[in-house]
Amino acid sequence: MSITEERTNNVIGQRMLRREDPALLTGEAKFVNDLAIPGALHLAVLRSPYAHARIKSIDVSDAASMPGVVAVYTGKDLQSTWAAPMPCAWPVTPDMKNPAHYPLAVDKACYVGDGVAAVLATSESASRDAIDAIDVVYEPLPAVIDLEDALSDRVVIHDAIGTNTSYTWNLKVEAAEGAVDQAFKNAAFTVSERYVQQRLIPMAMEPRAVAAVPQPFGGDVTLYSATQVPHILKVMTAITLGIPEHQMRVVAPSVGGGFGSKLDVYAEELLCVALARKHGAPVRWVEERSENTQATIHGRGQIQNIELAADKDGRLTAVRVRLIGDMGAYLQLVTPGVPLLGAFLYAGVYDLPQAYDFSCTSVFTTMTPTDAYRGAGRPEATYAIEVAMDALARAMGIDPYELRKRNYIKKEQFYDASGNPTGYTAFHGLNYDSGDHLAAAEKAMQHADYVALRKAQATQNVPGARKRLGVGMTSYFEMCGLAPSRVLASLNYGAGGWESATVRVLPTSKVQVVTGTSPHGQGHETSWAMIAAEKLGVAPEDVDVLHSDTAIAPLGLDTYGSRSLAVGGVAIAGACDKVIDKARLIAAHQLECAAEDLQFEKGTFSVKGSPDKAVPIAAIAFAAFTAHNLPDGVEPNLEAQYTHDPKNFSWPFGTHVCVVEVDTETGKVDVLKYVAVDDCGNQINPLIVEGQVHGGVVQGMAQALYEEAVYDGDGNLKTSNLAEYLVPAACDVPPITTDFTVTPSTTNQLGVKGIGEAGTIGAASAVMNAVIDALSGLGITTLDMPASPNNVWKAIQAAQGGTK
Amino acid sequence: MIPAAFDYKRAGSAEEAISLIGQYGDEAKFLAGGHSLIPLMKLRLAQPTVLVDIGRVKDLSYVRDAGDHVAIGALTRHMDVEKSPVLAQHAPLLAHAASHVGDAQVRHRGTIGGSIAHADPASDLPATTLALGATYVVQGPKGKRDIAARDFYKGFLESALAADEMLVEIKVPKMNGAGWSFQKFNRRAQDWAIVGVAAWRNNGTSGVALVNMGSTPVLASAVSSALSSGASIADAASHAADDAEPQGDLNASVEYRTHLAKVLVRRALEEASK
Ligand SMILES: Cc1cc2nc3c(=O)[nH]c(=O)nc-3n(C[C@H](O)[C@H](O)[C@H](O)COP(=O)(O)OP(=O)(O)OC[C@H]3O[C@@H](n4cnc5c(N)ncnc54)[C@H](O)[C@@H]3O)c2cc1C
C-alpha cells in the first residue's frame with residue numbers, strides 16, 4: 001500500500017517552514033569554525049604556486065623558528081604516516097590508472113594548490129605567517145591544461161603510470177551489430193556537435209573546515225568536518241590512517257552547502273587527524289576563500305562530441321557520443337565515475353531504439369581535481385542532447401518543441417497493455433519508473449505562452465534589431481536516488497547505495513528519527529519529521545531528527561545524488577512501518593483482539609467496527625517502555641531500524657523554458673522569463689521543493705551565463721576569488737515560475753523522486769538554447785558557455801564577417 | 001584571508017591623522033571605509049605595518065551647498081552621497097553614480113575620499129568627479145592645496161597625493177540643470193564596471209569620463225571637442241576611446257572594451273541630450 005492512498009494525517013504535502021532556519025538566519029547555527037576547542041593547534045598548508053613542478057628541496061628552518069609555530073612538516077616527513085593513499089572509491093574499469101595521491105605531495109606538485117608542506121601553530125595567524133617563510137625550490141615543468149593536449153601525452157604528468165589517460169569506458173547498445181552505423185547511414189538528418197563543459201567551482205558558502213580532537217587515552221579521535229559524508233569519511237579515514245574504525249567518530253555540524261564539493265575525503269581531514277594523534281592535541285583548519293577555489297574539487301570539465309541520427313520525421317534513430325573527461329591532477333573519491341553518471345542519459349527523454357554508442361576517455365591534467373558537482377554527469381548529458389536537439393530542429397527547419405513531441409517517450413509506454421504500471425525499459429536496460437513528459441512540457445509551454453512568444457519573436461527579430469528575442473527549452477530526465485546497490489556493483493562502485501533509519505518512540509510518545517543522511521542545507525530535519533509524523537500520526541513538532549554524527553547515527557551513506565528523500569526518506573517510512581507493526585501487536589494484546597482486526601488511524605489503533613475500543617500509540621509507547629504487560633515474545637521499547645536498498649533509481653523529469661533578450665550591440669543576455677515545470681512525484685514539503693528548484697536553476701543558469709574556472713597557459717587559476725569567479729547574486733536572478741506535475745514513483749512507498757539536482761540539470765541547456773535561438777537569425781548556430789557579453793559579441797562579429 | 005600583522009592607530013582629526021602618518025612614514029596607510037584597502041591586505045597584496053584610522057573623523061563627513069559648487073567631506077560615505085538632497089539638486093550625476101557603487105553594505109562603509117584617493121580606474125566616483133570637473137582639496141603638514149581632478153590621477157592606483165597628505169574635501173561644480181547620464185556596464189548587477197561612462201551636456205559644453213578604460217580614469221576630451229565642433233552624437237561617440245589605453249582582462253578583450261566605450265558613450269550622450 002502506498003502512503004498516498006493511506007494518508008490520513010495530512011502532514012505530507014504541507015508548506016511547512018523549515019525548522020532549521022531560525023538558527024541559520026540569526027547566526028546561531030554552529031559550523032565547524034564556530035566550535036570552541038580549547039588548546040587546539042592550527043594547521044596551515046603551503047600550496048604549490050606551480051601547476052607542474054618537481055620539488056627539489058624544502059627548507060622549513062625559518063618557519064619552524066617563528067613565534068607560535070609548533071611544527072612544520074613536508075610530504076616526505078609524513079610519508080610513513082599514511083597506511084594507504086587517499087581513496088578513490090570508483091575504479092570504473094579494471095585497468096583504470098590511479099596515481100598514488102597523498103595529503104602532501106612528495107616529489108612533484110601536480111596543480112596550483114597541491115599541498116607541499118604543513119604548519120602547526122598556536123594561532124591561525126601564526127600558522128598563516130609561517131607558510132610564507134617556508135622556502136621551496138621547484139623545478140617547473142610544463143603545464144597541461146588542454147584536454148586534447150593531455151590525451152596526446154606530450155607531457156606525462158604522473159611518471160609512475162606513464163600516460164595521462166586514466167580510462168576509457170564504453171556503453172554500446174545495439175539491437176544487432178552495426179545498428180548505430182547503419183542508422184547513421186540511413187538517416188534523413190544527422191547533426192554532429194561539439195560542446196565544452198567548462199570547469200566550474202562549486203563555491204559552497206561555507207568553505208571547508210576541519211577539527212580533529214583526540215581523546216587523551218585509548219586512541220579515539222573525533223573528527224569534525226564540513227562534510228556531506230560523515231559515514232564515508234569515517235571508514236576512509238580509518239583505512240587511510242590505519243586507525244581501527246571503531247575509534248573514529250565523525251561529526252558534521254551545521255554545514256554551509258556542498259553541491260558535491262564536500263562529498264570527498266580531503267588531505268586536510270587526514271592531516272588534522274594524523275597530526276592531532278601525533279601531537280596529542282586538537283588540530284583545526286579552516287579554508288580561506290581563495291584556497292577553496294584551488295584546494296576543493298571543481299566540477300564539470302568535459303569535451304563532448306555528440307551525433308544524432310534521425311528519420312525524415314525527425315525521430316531519433318541513433319545517438320553517438322564521444323567524451324573527454326577532465327579528471328584534474330588526481331582521482332578524488334568518485335572523480336572517474338562522474339561522466340558515467342551521465343552515460344545513460346545522452347538520449348534524454350526520447351524513445352530511442354537500441355542504437356547507442358557512448359564512449360568516455362578521461363585524462364589527467366595539471367589542474368585541481370574534479371569530482372561530483374550538483375548533477376554530476378547528468379547536467380552535462382542533458383546539455384548535450386538538448387542543445388543537439390535544437391540543432392536537429394534547425395537542420396530540419398521545424399519547431400524545436402514539435403521535434404521533441406515527436407520523440408518523447410509516451411505516457412502509455414510506462415504501462416503494460418492492461419494499464420498496469422511497469423515503467424519504461426530503455427534501450428540500455430534501465431527501467432524509468434514513471435513519467436509523462438508531454439504533460440510537463442505542455443504545462444511549461446502554457447506558462448511561457450509559447451505561441452505568443454514565437455509571434456513576438458517574429459516581429460522583434462527583424463534585420464538590424466538591436467535587441468533580439470530568444471526562446472529555449474529543455475526536457476530532462478534525471479537519474480537520481482543513488483542508488484540500487486546491485487546497479488552500483490555493475491558499475492564497479494566501491495560501496496552500496498542503501499540508506500538506514502531508526503525510529504524510536506520515547507516513553508512520553510515523542511519521537512526520535514535517526515537517519516544516515518547528512519544534510520547541509522536541504523532541510524532534512526523538517527522533511528523527515530513530516531514523514532514520521534504522517535506515518536505515526538503524531539505532530540511534526542514532536543519528532544526530533546538526529547543525524548550527521550557517526551556516534552548517534554552509526555549507519556548511513558550520507559547525502560548526494562538526490563538520494564536523501566528517495567532512499568533515506570523511504571527508509572524512515574519503512575522504519576515507521578516496523579514500529580507500527582510492533583505497536584499493533586501490543587495494541588492487540590491490550591485490546592484483546594487479533595492484530596489483523598486493528599486499524600491504525602491518526603495515531604490510534606482501534607478495532608475495526610468498534611471504534612470505542614481504541615488505544616493511542618502514546619499509550620503503547622509507554623507500555624512498551626514499562627514492559628509490565630507485553631505479549632509473549634515482544635521486546636520492550638518501541639523502536640525499529642530499517643535499511644532501504646532501492647529497487648531502482650528514481651527518475652524525476654520536467655521541462656524548462658527560458659526567454660532571453662540579447663543586446664546585439666553589447667552582447668549582453670537578459671533573462672526575461674524562466675519557467676520550470678518539474679515532476680518529482682509526491683512532494684513532502686512543496687516549499688522545500690520550490691527552494692531546491694530555485695537554487696538549482698540559478699546554478700545551471702550560472703553555468704550558461706556567468707561561471708567559468710579560467711586557467712592561463714601556465715596552469716594558474718585566474719578566477720580565484722568571488723570578484724573574478726562570477727557567482728550570480730540574488731539581484732542577478734530573474735523571476736522564476738515554478739510549477740509541477742505529479743507522477744508518483746512506482747518503486748517506493750512514498751511515491752517520491754529526488755529534486756535536489758533537477759534545476760541544475762535543466763537550466764544550462766534551456767538558457768543556451770534561448771541565446772542561440774535569439775542569434776540564429778544572424779547565422780549563429782553554436783556558442784560556448786558561458787555566454788558572457790564578450791563571447792556573444794565576438795560570435796556576432798564573426799557571424800557578420802567582421803575581422804574579429 | 002588573514003592579513004599580515006599591523007598596528008592600529010585611531011585619529012580624531014585630520015591634523016592628528018596627518019601627524020601620525022608623518023610619524024610612521026611609508027609603511028603607514030590611512031584607513032577610511034576599508035573597502036578597498038582591507039581586501040588587498042587580506043590577500044596580502046598590501047602589507048602596511050600601521051593603519052591610521054580616519055573613519056571616525058566626523059567633521060569630514062558632510063555635503064554642503066557652497067555657492068557655485070557643492071563641497072563634500074572626504075569621509076562622506078557613498079550612501080550619504082547617494083541620498084544627499086543637495087547633490088540631488090545640484091549634481092545629480094554624482095549622487096546617481098554613487099548609487100551604483102557595489103552593494104548596500106559597500107555603500108554604507110566606503111567613502112568618496114577613499115574611492116578617489118585609491119585612484120582605481122575601475123571605480124565609479126573618480127571618473128564621475130573627473131567628468132564633472134571637480135577639484136580635490138588635500139591637506140598636508142604644511143596646510144591645504146587644491147588639485148584639479150584632471151591633474152590628480154597619475155597611474156594605476158597612483159595619484160598626486162604625497163605620502164603625508166590626506167584628501168579632505170571634494171568640490172563639485174554645480175551642474176545647473178545639465179542633462180546627464182551614467183552608464184555602467186557589468187555582468188553582475190553589483191559588480192565593478194567592465195566599462196562605465198559619466199557624461200553631461202549643457203548649452204554646447206559637455207564632460208565625458210570613462211571608467212575602466214586604462215590605468216587611470218579617462219577624460220574623453222575628444223568626444224567633447226567633437227560635440228563642440230558640431231559633430232552628431234554618433235560621430236562624437238566614435239571618438240570615445242581616443243584618449244584611452246584599455247587593457248584586456250577576463251571580462252573583456254581590448255577590442256571589446258573599446259567597442260563598449262563607443263556604444264556606451266553614444267547611449268550616454270543620447271540620454272543626456274533628452
Ligand atoms: C564588494 C565590493 C564591491 C565594490 N564595488 C565597487 C563599485 O562597483 N564601484 C566602485 O567605485 N567601488 C567599489 N568598491 C570599492 C568601494 O567603493 C571602496 O569603498 C572605495 O573604493 C574605497 O573607499 P574606502 O573608504 O573604503 O577606502 P579605504 O579602503 O579605507 O582606502 C583606500 C585607499 O585610499 C587611502 N585613503 C582613504 N581615504 C583617504 C583620504 N581621505 N586621504 C588619503 N588617502 C586615503 C587608503 O590609505 C587606501 O590606500 C567595492 C568594494 C567592495 C569591497
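Reader: What should I know about the conventions?

Author: Residues are numbered from 1 along each chain as its sequence is written, and chains are lettered from A and ligands numbered from 1 in the order in which they are written. In this predicted model local features need pLDDT of at least 70, side-chain atom pairs count only at pLDDT 80 or more, and totals for chains, interfaces and linings use all residues, while side-chain values use heavy atoms, with hydrogens and water left out.

Reader: How many residues surround the ligand?

Author: A residue is near a molecule if one of its heavy atoms lies within 4 Å of it. Here 29 residues surround the ligand, and the closest are B:Phe30, B:Gly33, B:Gly34, B:His35 and B:Thr111.

Reader: Which polar side-chain atom lies 2.8 Å from an oxygen atom of the ligand?

Author: A polar contact here is a pair of N or O atoms within 3.5 Å. The atom at 2.8 Å belongs to B:Lys184. B:Ser123 has a polar side-chain atom 3.5 Å from a ligand oxygen, and B:Ser115 has a backbone N or O atom 3.4 Å from one.

Reader: Which element gives the largest share of the shell around the ligand?

Author: Helices (H or I, at least four residues) and strands (E, at least two) are DSSP runs, numbered from the N terminus. The largest share, four residues, comes from α7(B).

Reader: How is empty space found?

Author: Rolling a probe the size of a water molecule over the atoms shows where empty space is left. On a 1 Å grid over the protein atoms alone, a cavity is a set of points where a 1.4 Å probe fits but cannot get out; a pocket is an open set with protein on both sides within 12 Å along at least five of seven lines; lining residues have an atom within 4 Å of a point. A volume is the space filled by probe spheres set on the points, which are joined across faces, edges and corners.

Reader: Where does the second largest pocket lie?

Author: Its volume is about 530 Å³. Domain bounds come from an automatic or database domain assignment. The pocket lies between domain 3 (155-202 + 303-364) and domain 4 (408-480 + 648-803) of chain A, because both give residues to its lining. The largest share of that lining, five residues, comes from β8(A).

Reader: How many cavities of 30 Å³ or more are there?

Author: The count is five. The largest cavity holds about 110 Å³ of space. It is lined by 18 residues, and the closest to its centre are A:His101, A:Tyr111, A:Ala267, A:Ala295 and A:Gln332.

Terms used:
A polar contact is a pair of N or O atoms within 3.5 Å; within protein, one must be able to donate a hydrogen and the other to accept it, and residues adjacent in sequence count only if both atoms are side-chain atoms.
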